[in-house]
Amino acid sequence: MVRPLDSPVLVIGLGRFGSALARELTELGREIMALEQDRNIVQHFSDAFTTIVQADATDITALKQVGADQFETVVVGIGTSVENSVLTVANLVDLGITNIWAKAITRSHGEILERIGAKHVIYPEQEAGERTAHLLSGTMRNFTEFAPDYALAIISVPAVLANRSVRELRLKERYGVTLVAYEADTEFQNISMDTKLPEGTNMLVAGPTDRVDDFAKRI
C-alpha cells in the first residue's frame with residue numbers, strides 16, 4: 001500500500017528530539033498528534049501543537065483510548081528510559097502499526113527496537129556527532145550520509161579548483177567523487193563538462209563517505 005506523504009503523524013515523547021520533530025512537522029504543514037506522559041511538558045507545549053495529549057504510551061489501553069491505532073506513522077522519541085521506549089514500540093506493534101520510527105540511545109537499544117518491530121531506528125546524538133566531525137574538516141558547509149557509506153557534501157570551491165572546467169578537473173578519476181551541482185544566485189544549478197566554478201562557490205559533491213572526507217581534506 002502506498003502511504004500518503006501528508007498522512008497524520010503521532011509523535012510520542014516531547015523531549016528535545018520529539019519536540020523539535022513535532023515543531024518541524026507542524027511548520028511543514030503535517031497534521032500531528034503529540035503524546036507525552038509528563039503533565040508539565042504537556043502544559044508547556046499546549047500552545048505549540050493543535051493536538052497534544054497526556055498519556056502513558058507504555059499502557060496499550062491508553063494508546064487505544066487516544067486513537068494511536070488510527071495512525072499509519074508513529075515516531076517514538078522517548079530517550080530517558082530504554083524500558084519505556086521498548087514497551088511503547090511493542091505496544092504499537094501489537095496495535096498493528098508498521099511504520100514505526102524510534103529514537104535509540106545506544107546500538108544495543110536500537111537492535112532491540114528493530115527486533116521487536118521498529119521499521120526505522122534513529123540515533124540523534126551519534127549522528128549529530130558524526131556529522132560535526134565531518135564538518136570540522138573546514139571546507140565542508142554541510143554533510144549528509146544518506147546511505148550506508150555514501151554521502152553528499154556541500155563544499156566551498158578552493159583556489160586550486162577554481163575557474164577550471166569540470167572536464168579538466170576530473171574529480172571522479174582523481175578523487176572518486178562526483179560533482180552533482182553548484183550554487184549560483186542562491187540556487188543549485190546543473191553541471192556540464194564545461195562548467196567552471198568561481199573560488200568560494202558552494203559545490204554539491206557525492207561519493208563514498210571516505211572519498212568525500214578525503215576530498216574535503218586534500219583540497
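1. Strand β2 (residues 32–36) runs parallel to β3, and three bridges join the two. Strands here are DSSP runs of E with at least two residues, helices are runs of H or I with at least four, and both are numbered from the N terminus. Two strands count as paired if DSSP finds at least two bridges between them.

2. Before going on, a word on the source: this is a predicted model, in which local features need pLDDT of at least 70 and side-chain atom pairs count only at pLDDT 80 or more, while totals for chains, interfaces and linings use all residues. Residues are numbered from 1 along each chain as its sequence is written, and side-chain values use heavy atoms, leaving out hydrogens and water.

3. Now widen the view to the sheet. Six strands form an open sheet with parallel pairing, in the order β3-β2-β1-β4-β5-β6. At its edges stand β3 (52–54) and β6 (120–122), each with a single partner strand, so one side of each has no neighbour in the sheet. From one strand to the next, the twist averages 15 degrees.

4. A helix joins the picture too. Helix α4 (residues 82–94) lies across β1 (9–12), β4 (73–76) and β5 (99–103), and runs at about 180 degrees to β5. Such angles run from 0 to 180 degrees between N-to-C directions, with axes fitted to C-alpha atoms, for helices over the stretch in contact (heavy atoms within 4.5 Å).

5. How many salt bridges does the structure hold? There are three, where a salt bridge means a side-chain nitrogen of Lys or Arg within 4 Å of a carboxyl oxygen of Asp or Glu. R167 pairs with D194, their closest N and O atoms being 2.6 Å apart. R167 lies in helix α7 (residues 166–169) and D194 in the loop between β10 (187–190) and β11 (202–208), so this pair ties together parts 27 residues apart in sequence.

6. The other salt bridges are R170 with E173 (3.1 Å, N to O) and R164 with E168, at 3.4 Å between the closest N and O atoms. E173 is exposed, at 63% relative accessibility, whereas R164 is partly exposed at 24%. Buried means under 20% relative accessible area, exposed over 50%, and partly exposed in between (1.4 Å probe, protein chains only).

7. Finally, the whole chain: it has nine helices and 11 strands, and buried residues make up 43% of its 219 residues.
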